[in-house]
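Dear colleague,

Please find below the structure that I am handing over to you. My findings follow directly after it.

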Amino acid sequence: MTNWFRQHAYALRSALTHLRAAPGNFLFNVLVVAIALSLPIAGLTILENIRPVASQLSIEPEVSVFLKPEMASADAANLQTPIKKTLKDLQINAKLRFVAKDKALATMEGTNSLAEVLATLGGNPLPDAFVISLSNSDSAKLEQLTTALRGLDHVDVVQVDSEWVKRLAALLHVAQMALLFLAGTLAVVVIVVIFNATRLQVISHQAEISVSRMLGATNSFIHKPYYYTGAMLGVLAGGLALGFVALSLQPLNQAIAEFAKLYASEFHLSPLGLLPSLGLIVVSKLLGLSGAYLSVRRQLSKIPH
């Protein structure tokens, strides 16, 4: 065990010695790999921020039935009977909820961004409404239901509220697939960059390697410093890429905040948490090791014993 630690300590010192001999090349490779890793990390950061918001949205179809504004709330509540009859005729098992205009106004006044706007109106501009929550099994009858509801007396607007949520879920799925493809492609690019950087290192140390072999050094002993170099390159590049993405979120959040104000909402992008960040650094380390492993094995096979 002592010998194992001694070999790895020597390999680490040797790797650091090689880096000090040519720090410019190493830092340039770190920068190139960091830029390549920044793209999938930025995509993952955006998806991870959107996912909680999307998961809170119901994908079950909902139909909002807005009544004519001049209709009194007492009369509006009585419209439940024809709506329930319509649901029964279409054999739809749904939840029906009445939302009085006064209650809807009170809810909106509780929102800071809307309270001032509503105060300037001087009255309640909202109509009474019914919200019908359907199960996914009844979604095929949605068009029939909306047509029947529009034909009822005192109904002003019938609106399907959940179609856009399904489109958002489908869009997120497409984005995830695109991100996986991008990450896979750039992982290959990272391995190629580290492969080439290690190859140049091995070529420049060819004489040193030949002497080590004559002194009885095994291939495993010769490989280790290059593995450490590849791993350090991957770790530093991963950390730098996370830093790039975190810094880029600041100006992006300013633009998002201005856009969100137009819709009376609040949203901002947060950097990845500690565990996902550590996981990405481990992945970038493995990519560095992979590139160094493939390069060293190939290049050392060309050096005569």
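By class, how many nonpolar, polar and charged residues are in the lining of the second largest pocket? The model is a predicted one, and in it this lining has eleven nonpolar and nine polar residues, with no charged residue.

The second largest pocket holds about 350 Å³ of space. Its lining comprises 20 residues, and those nearest the centre are Asn-25, Asn-29, Ala-197, Leu-200 and Gln-201. At least two lining residues come from each of the helices α1 (2–21), α2 (23–55), α8 (163–204) and α10 (219–261). The most is given by α8, with nine residues.

Aromatic pairs

Two aromatic pairs are present in the structure. In one of them, Phe-98 and Phe-130 are tilted, with 5.0 Å from centre to centre and 50° between the planes. This pair links distant parts of the chain, since Phe-98 belongs to strand β2 (residues 95–99) and Phe-130 to strand β3 (residues 129–133), 32 residues apart. Phe-130 is buried, its relative accessible area being 0%.

Tyr-227 lies in helix α10 and Tyr-293 in helix α11, so the pair ties together parts that are 66 residues apart in sequence. Tyr-293 counts as partly exposed, at 38% relative accessibility.

Helix α11

The 27 residues of helix α11 (residues 274–300) should span 39 Å at 1.5 Å a residue, and the distance of 38 Å between its end C-alpha atoms agrees with this. Among the buried residues of α11 are Ser-277, Ser-284, Leu-287, Gly-288, Gly-291, Ala-292, Ser-295 and Val-296. As a general point, an α-helix has 3.6 residues a turn, so residues three or four places apart point the same way.

Leu-269 is located in the loop between α10 and α11. With a relative accessibility of 5%, Leu-269 counts as buried. Leaving aside residues up to four places away in sequence, Leu-269 touches Ile-46, Asn-49, Leu-249, Leu-252, Asn-253 and Ile-256. Leu-269 and Ile-50 are separated by 219 residues in sequence, while their C-alpha atoms are 8.5 Å apart in space.

With kind regards

Methods
Residues numbered from 1 in each chain as written. Predicted model: local features only at pLDDT ≥ 70, side-chain atom pairs only at ≥ 80, totals over all residues. Heavy atoms only, no water. 1 Å grid on protein atoms, 1.4 Å probe; cavity = no way out; pocket = protein on both sides within 12 Å on 5 of 7 lines; lining within 4 Å. Points joined across faces, edges and corners; volume = space filled by probe spheres on them. Helix = DSSP H or I, 4+ residues; strand = E, 2+ residues; numbered from the N terminus. Nonpolar A, V, L, I, M, F, W, Y, C, P; charged D, E, K, R; others polar. Expected span 1.5 Å × (residues − 1). Buried < 20%, exposed > 50% of the residue type's maximum accessible area, 1.4 Å probe, protein only. Phe/Tyr/Trp six-rings, centres within 6.5 Å; stacked < 30°, edge-to-face > 60°. Contact = heavy atoms within 4.5 Å.
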